[in-house]
Amino acid sequence: MQRAALAALLWAGACGSAGAEPAAPAPAVPRTLAATALEDFPHVPITNGLITAQVYPPGKHELYQGTRFDHAGVVFHVTYKGQDYSTYWFDHFVVDPRDETKYPAGTEHACCSVSGPVEEFAPVGFDEAGMNGRFLKPGIGIFQRIDDRYDQFPTLPVLNAGTRGFKATKTGARWTQDLKDPQSGYGYHYVKSVQLVAGKPQMTISHVLTNTGKKPIVTTVYNHNFLTLSPGNEHVAITAPFVMTAQKPLQPELAKLDGKTIRYLAPLPAGVTVTSPIGGFGTAASDYDFTVTNTQTGFGQRIRADQPIARINFWSIAATLGWEPYIAIDLKPGQTKRWTYTYDFYGPDDRNRGDKP
């Protein structure tokens, strides 16, 4: 049933008005689908023999069609020793990205119906654009400012998405995007690569962003790191190489911050959010080095980057958690920024947690 519904959706999007003969009526398209229908979107399996994952190519029928997260590098079902680190954290998703209907809890709109290590860039030129002017969201494209909020969910129409490329191998994939927008003066060349490292339970996500336009690109980028290690995040602990501070108090019956560690004390109930900006980091890239572990099962993930942290946001609900360190980007025309995330996966019998002492 889900496959038939999704086929109807893709059919409706693919059929146009070309030709003299009137088009046949489109099959009825449901407004929401079960999260498992995401399996039917075009994807490519990758593996290094230790880790398996699914990567999703860009295009008209790409899995992620929102305007919040980078459309490149969507990775689902990163699995190590049977532990799925990035499965669905919602029950249903809204089919039409333009649908603004309020749905019951557990149904996600196009902005957020994705999982795993997805990234979001802050908008560029939003304030300067003025009402109805053009602004940039790297990783997606050029938008028109239609009100005073840039983070308009669900989905804004993209005025210019540039051109995209995609190439996959057995162990990874590479996405490209070239954007030129003379009307706004923004442009860039963007390359994002996901690679499962040979002989290790390790994945890297590397980026190269070059400003090819006439205006500076000043933004931040963070990885939402949607993780699904434990129902309710029970028994999960997050560790940092520095003493953390929570700028918003955590619910004391649910989570506790103690020095370099945040521990969940009880499973999060449905409808409850544990969240706070996190401080305490310094200016060295070595501070971007965290572990998230289910202390009962022993499965966890080490998250590193080769850049200093600009800020951190911590967010969690019953179905998932997001550990979100930000990186600053400031590119004059012609300049290039490179950054890489490294993910090490470990289980209960592993002594090595990404070579961390």
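Here are some questions and answers about this predicted model.

Q: What makes up the protein chain in terms of helices and strands?
A: The protein chain has 2 helices and 27 strands. Its accessible surface comes to about 15900 Å², and 54% of that belongs to carbon and sulfur atoms.

Q: How do you know how much of the chain is buried?
A: Each residue is set against a cut-off of 20% relative accessible area, and anything under that counts as buried. By that test, 53% of the 357 residues in the protein chain are buried.

Q: What share of the contacts joins residues at least 24 apart?
A: Take the contacts between residues at least 6 apart in sequence: 64% of them join residues at least 24 apart.

Q: Why is Ser113 called buried?
A: Buried means under 20% relative accessible area. Ser113 has 6% relative accessibility, so Ser113 counts as buried. You'll find Ser113 in the loop between strand 7 (107-108) and strand 8 (119-121). Leaving aside neighbours within four places in sequence, Ser113 touches Leu38, Leu63, Phe90, Phe93 and Glu108, where a contact means heavy atoms within 4.5 Å.

Q: What makes a space in the protein a cavity?
A: A 1.4 Å probe fits there but cannot get out. Of the 13 residues that line the largest cavity, Leu63, Phe93, Val94, Val95 and Ser113 are the closest to its centre.

Q: How do you know which classes of residue line the largest cavity?
A: Sort the lining residues by class: Val, Leu and Phe, for instance, count as nonpolar, while Asp, Glu, Lys and Arg count as charged. The tally for the largest cavity is 10 nonpolar, 3 polar and no charged residues.

Q: Which residues line the second largest cavity?
A: This cavity has a volume of about 70 Å³. The lining residues include Val78, Tyr85, Met203, Asn225, Phe226, Leu227, Tyr343 and Phe345. Strand 17 (226-227) and strand 27 (336-346) each supply at least two residues of that lining. By class, the lining has 8 nonpolar, 4 polar and no charged residues.

Q: Why is Asn225 called buried?
A: The cut-off for buried is under 20%, and Asn225 has 2% relative accessibility, so Asn225 counts as buried. Asn225 lies in the loop between strand 16 (217-223) and strand 17. What about its backbone? Phi of Asn225 is near 50 degrees, a positive value in a residue other than glycine.

Q: Why is His235 called partly exposed?
A: Partly exposed covers the range between the 20% cut-off for buried and the 50% cut-off for exposed. His235 has 27% relative accessibility, so His235 counts as partly exposed. His235 sits in the loop between strand 17 and strand 18 (236-239). Phi of His235 is near 70 degrees, again a positive value in a residue other than glycine.

Q: What makes strand 3 (residues 51-55) mostly covered?
A: Of its 5 residues, 4 are buried.

Q: Why is Ile312 called buried?
A: Against the cut-off of under 20%, Ile312 has 1% relative accessibility, so Ile312 counts as buried. Ile312 is found in strand 25 (residues 312-317). Its contacts beyond four places in sequence include Phe242, Ile278, Phe290, Trp323 and Glu324. Ile312 and Glu324 are 12 residues apart in sequence and 5.5 Å apart in space, C-alpha to C-alpha.

Note on methods. Residues numbered from 1 in each chain as written. Predicted model: local features only at pLDDT ≥ 70, side-chain atom pairs only at ≥ 80, totals over all residues. Heavy atoms only, no water. 1 Å grid on protein atoms, 1.4 Å probe; cavity = no way out; pocket = protein on both sides within 12 Å on 5 of 7 lines; lining within 4 Å. Points joined across faces, edges and corners; volume = space filled by probe spheres on them. Buried < 20%, exposed > 50% of the residue type's maximum accessible area, 1.4 Å probe, protein only. Areas by Shrake-Rupley, 256 points an atom, 1.4 Å probe, with all protein chains shown as cover.
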